[in-house]
Amino acid sequence: MSFSGILHWSLHNRALVLLLSLALLIAGLASLQRLPVDVLPELNRPTVTVHVEAAGLATADVETLATVPLEAALQGIPGLQRLRTTTAPGLALAYVEFGWDMDPYRARQLVAERLDLARLPAGLKARLGPMTSLMGEILLLSLQWQDVEATDPVGLRDAADWTLRPALIGVQGVAQVSVIGGDLLQIEVRPDPQRLRALGVSLQQIEQALGGHARAAGGGYAEDHGQEIPVGSRAAAADFGDLAQVAVDWRDGSPLRLGQVAEIGQGHAIRRGAAGHGGRPAVILAVQKHPGADTVAVTAAVEQRLAELAPRLPPGARVSPVFRQADFIDRSVDNLGASLLHASVIVALTLLAFFAGLRPSLIALAAIPLSMLAAVLVFQWLGLSVNTMTLGGLAIAVGELVDDAVVGVENVMRRLRAGSGDVLGTILAATVEVRSGILYATFIIVLSFLPLFALGGIEGRLFLPLGIAYVTAILASLLVAVTLTPVLCSLLLRSGTPAHIGERRWLARLRERYMALLAWSLRRPRAMLAVTLSLLAIAAAAALSLPRSFLPPFNEGTLTVNLVLQPGISLAESDRLGQRAEQLILQLPGVEAVGRRTGRAELDEHAEGLHYSELDVSLSADARRDEVVAALRQRLSVLPGDIAIGQPISHRIDHLMSGVRAPLVVKVFGDDMETLRHLAQEVQARLQALPGLADVQVERQDAVPQARLRVDTRAAALYGLSPAAVLRQVSSLTVGLPLSEFVDGDRRHDLVLRLPEHQRTVEALRELPLETPAGLVPLSWIASLELEPGAYPVGREGSRRRIAVSAFPAASGFERAGAQAREQLQDLSLPPGYELRFEGQAEEQRAAARRVLLLAALSLLLMLVLLHGRYRSLRLALIVLGNVPLACAGGVLLLAITATPLSVASLVGFVTLAGIAVRNAILKISHYIRLARDEGEAFGEALVLRGSAERLAPVLMTALIAALSLLPLVLAGGTPGREILHPVALVVFGGLFSNTLLDSFVTPALFLRHGQKPLLQLIATKA
């Protein structure tokens, strides 16, 4: 159906059009209630995490026995983008990263298949981590005793492991709940080596006596008077007295009991992590969601489940939130919702200022809710969520949603004022009259957004939903303009009274003055050209001097502080210093709460050592983030470690880009750890000299003292032992040998054989009696146990060792520091086989800027082709596209005035601006052509003056509405949810003002100077 056919059908089926519009409103509102709500679009690059637990092994052994075989098995998987591994004492972690288009379930299947080929030693098993989202850590919960004097870490951990975690992990949408802090209860059998030696009891006898103790066992079935009765035992609860009576040997007609050779008591598993909240010990539960799950809904479900579990917690225990991502989401969505509301009010007031009556304003405003709800239906169809980017696309578009309707309504009113007879015929003719300009202007806007749809990487994932929201709403507004708008005009403007269709007096006076000023400027083209070129030159100079960044900083209301101490520190000392850091932070004004995780949880996907603490600092609503960050750095400088300060979401985005939680990362690759450390320290020294960087740190892969056990094969053979048997005995007594488990209701606690803690020192272990066929002998007789330096954690990437040097932005200059870092390190001498690699936001910004500019150039070329097809003239097409630099000049100048960095977000603003700027020029030149072709107006100054004056009102209205509707984003850019849209709004706001001002004079002058020949050719072609 043709454009005229759609208009004709709509005007003759007005009741049906109104009914369909109402149905669209109802369907959109219903869909809006069902859409998931999140902070950002799904940024989860398909990544599979693989864990290998190797309890008791040193880092070097784990790297050799687990990490290297794991890498060998995983290399070459189809679609693999990057393979990173981290090796720590007792743990190997692999992060298998795939391309954005890989199906996550397919990725997990491919990795699982390869794990079967991994040549891991017996006893080591690789397992897949849960499938979680990049932004999946939605809740951190603290479990503490309300009484500050209470000290029962076992009770807290027991409640977390057996009451909270099983219930929370069953909540729909929860993928993982990891627990850190407290003490994991175990029943320990602590053999006394002296009594074992004196009584001649071996560890093997204890192991045989306790193996399977207290476990349930089946005894088959018995028959009794024709009835079948199951026979079996039930798993028993731990009873230390009963356990001490277990016989381990038979001597001289009497039993030798366990209590005679060992102590039995309550203990805890070897701790690899600790936690705190508010400066006191706590247990922290980290709740992670499934990818795509509704964060707000999952959070509400978890909190409801917590309320139900409260009576089951131990008396005096309390659960409180440490971090709640839904708070940031609620603030962001509320702020963007307020922006949409305020923008709609501004649009309404602007329309009322231009239109003499209320009815034309209502007709144009009808496009806003219909277009937005049409976009909501598309969100549901595409599986998008309500987030800052989809709402941001609507917030940016809200001022433009009425443009097509305004152009149509204004032309209908102008025709009705002329009194041209039949109302329906007049409305049809007036709408058809502007159809070409409306269609091409809308298509140009859609075309300008093509770069967003072709962007790759994280910026593509981030801004694609914004583009979808914007383009969908704009196309919906075009459909409204050619269907509902003419129908409402026929119903509300039918009377044709001046009160409804009249023109504001101030607008008539403005038109007269504009015509006089335009006539004056058309006679002085050189002066106007000089002014325009001067403005463009100033804007170009400003653009070159603008600072650069990848994304604007978020205002999350929470800070993430990383405290990195010297590797090799004990957990008790690291916990003490972490607790001291909590207390120091709590003293700062603006800080509401602090939660801390030291080391790692048992199910954590990050192999953090005992030297690493992560503190989540909640800020008050009136706190100034920059001031708090500066105070934190000063206050925590007394601690013996490195400090890095960021925000939860920003940290995760950094981790996605480089695998390191920092915005600027320099990775040093090589083989020898000592050489890598030396090179990394030299890189750190050079980066510290740059003024734009702060918290320049070398990834802690230091050498720390480790006890290395070396078995003398010949000496061991003299006592009938193999080296493997020696290692097995030592490991069983130090790490702990699982014997059985006790059942207490739905809880299970391991029974382990382990030396008392005071006997697990290096000196005591040297004298550890080992069982041999020749009797008990001290370990020192057949092996040496010496302290020597060894790597603590080891990072690898692409099957090579690497150390990362990370940096965070200082108060200013960070964007330039990325380029300066490259210059500083160009002359760094690297040994053969070693290399440097730059990653992080600084590198992503450079790559993203290149992609955006390349795609924008392609978009401009496509616009040129489209405009040439419309006007059949390269000159006219170039005159229209000349509005793009005129608009960009204003955007650049406003960025410079407000000292806003040039980021991917501001580049998206320029993309948005290009389409809007071209729209007004298309409407103006299309009107010149219509006057000459349809009304016989001769080419010349009179034609240009008349056409410009008649298009003054719609051009001013559309430009002012689009600009003023962005004021909520321009004026409140630092509030949550608006941060990433603030640069977009600044560029569009500034560009619209410069473009509207210059286009009002430059485009008419260019058309008068170069438009005669193409105009005459176009008229001749149409004829």
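Student: In which sense do E5 and strand E15 (residues 283-289) pair, and over how many bridges?

Tutor: Strands of a sheet pair through backbone hydrogen bonds, and they do so either in parallel or antiparallel fashion. Here E5 and strand E15 (residues 283-289) pair in the antiparallel sense over six bridges, where two strands count as paired if DSSP finds at least two bridges between them. The names come from DSSP runs numbered from the N terminus, with helices (H or I) of at least four residues and strands (E) of at least two. Residues are numbered from 1 along each chain as its sequence is written, and this is a predicted model, in which local features need pLDDT of at least 70 and side-chain atom pairs count only at pLDDT 80 or more, while totals for chains, interfaces and linings use all residues. Side-chain values use heavy atoms, with hydrogens and water left out.

Student: What stands opposite Leu 139 in E16?

Tutor: The residue opposite Leu 139 in E16 is Arg 324, and in E15 the bridge partner of Leu 139 is Val 287. E5 and E16 are paired in the antiparallel sense over seven bridges.

Student: How many of the nine residues of strand E5 (residues 137-145) are buried?

Tutor: A residue is called buried when its relative accessible area is under 20%, exposed when it is over 50%, and partly exposed in between, with a 1.4 Å probe and protein chains only. In strand E5 (residues 137-145), nine of the nine residues are buried, so the strand is largely enclosed by the rest of the structure. Helix H36 (residues 941-950) is also largely enclosed, because seven of its 10 residues are buried; among them are Leu 943, Val 944 and Glu 950. In the chain of 1023 residues, 56% count as buried.

Student: Which residues does Glu 137 touch, leaving out those up to four places away in sequence?

Tutor: Contact means that heavy atoms lie within 4.5 Å. Glu 137, which is found in strand E5 and is buried with a relative accessible area of 11%, touches Ala 286, Val 287, Gln 288, Phe 323, Gln 325, Arg 597 and Arg 652, if residues up to four places away in sequence are not counted. Glu 137 and Ala 286 are 149 residues apart in sequence, yet 6.6 Å apart in space, C-alpha to C-alpha. For the chain, residues 24 or more positions apart account for 80% of the contacts with a separation of 6 or more.

Student: Where is Ser 320, and is this residue buried or exposed?

Tutor: Ser 320 lies in strand E16 (residues 317-324), and Ser 320 is buried, with a relative accessible area of 15%. Not counting residues up to four places away in sequence, Ser 320 touches Leu 140, Leu 141, Ser 142 and His 277.

Student: What is the order of the strands in the open sheet of six strands?

Tutor: The order is E14-E13-E18-E19-E17-E20, with antiparallel pairing. Strand E14 (280-281) and strand E20 (642-646) are the edge strands, each pairing on one side only. Within the sheet, strand E18 (residues 591-599) and strand E19 (residues 612-619) form seven bridges in the antiparallel sense, and Gly 595 stands opposite Asp 616 in E19. Helix H24 (residues 625-636) packs on the sheet, touching E17, E18, E19 and E20, and its direction makes about 20 degrees with that of E17.

Student: At what angle do helix H18 (residues 457-482) and helix H19 (residues 484-492) pack?

Tutor: Two packed helices are described by the angle between their axes and by the distance between the axes. Axes are lines fitted to C-alpha atoms, for helices over the stretch in contact, and angles run from 0 to 180 degrees between N-to-C directions. Helix H18 (residues 457-482) and helix H19 (residues 484-492) pack at an angle of about 35 degrees, with their axes 3 Å apart. Val 480, Ala 481 and Val 482 in H18 meet Leu 484, Thr 485 and Pro 486 in H19.

Student: How many helices and strands does the chain have?

Tutor: The chain has 40 helices and 31 strands, and its C-alpha atoms fill a box of roughly 130 × 80 × 55 Å, taken along the principal axes.
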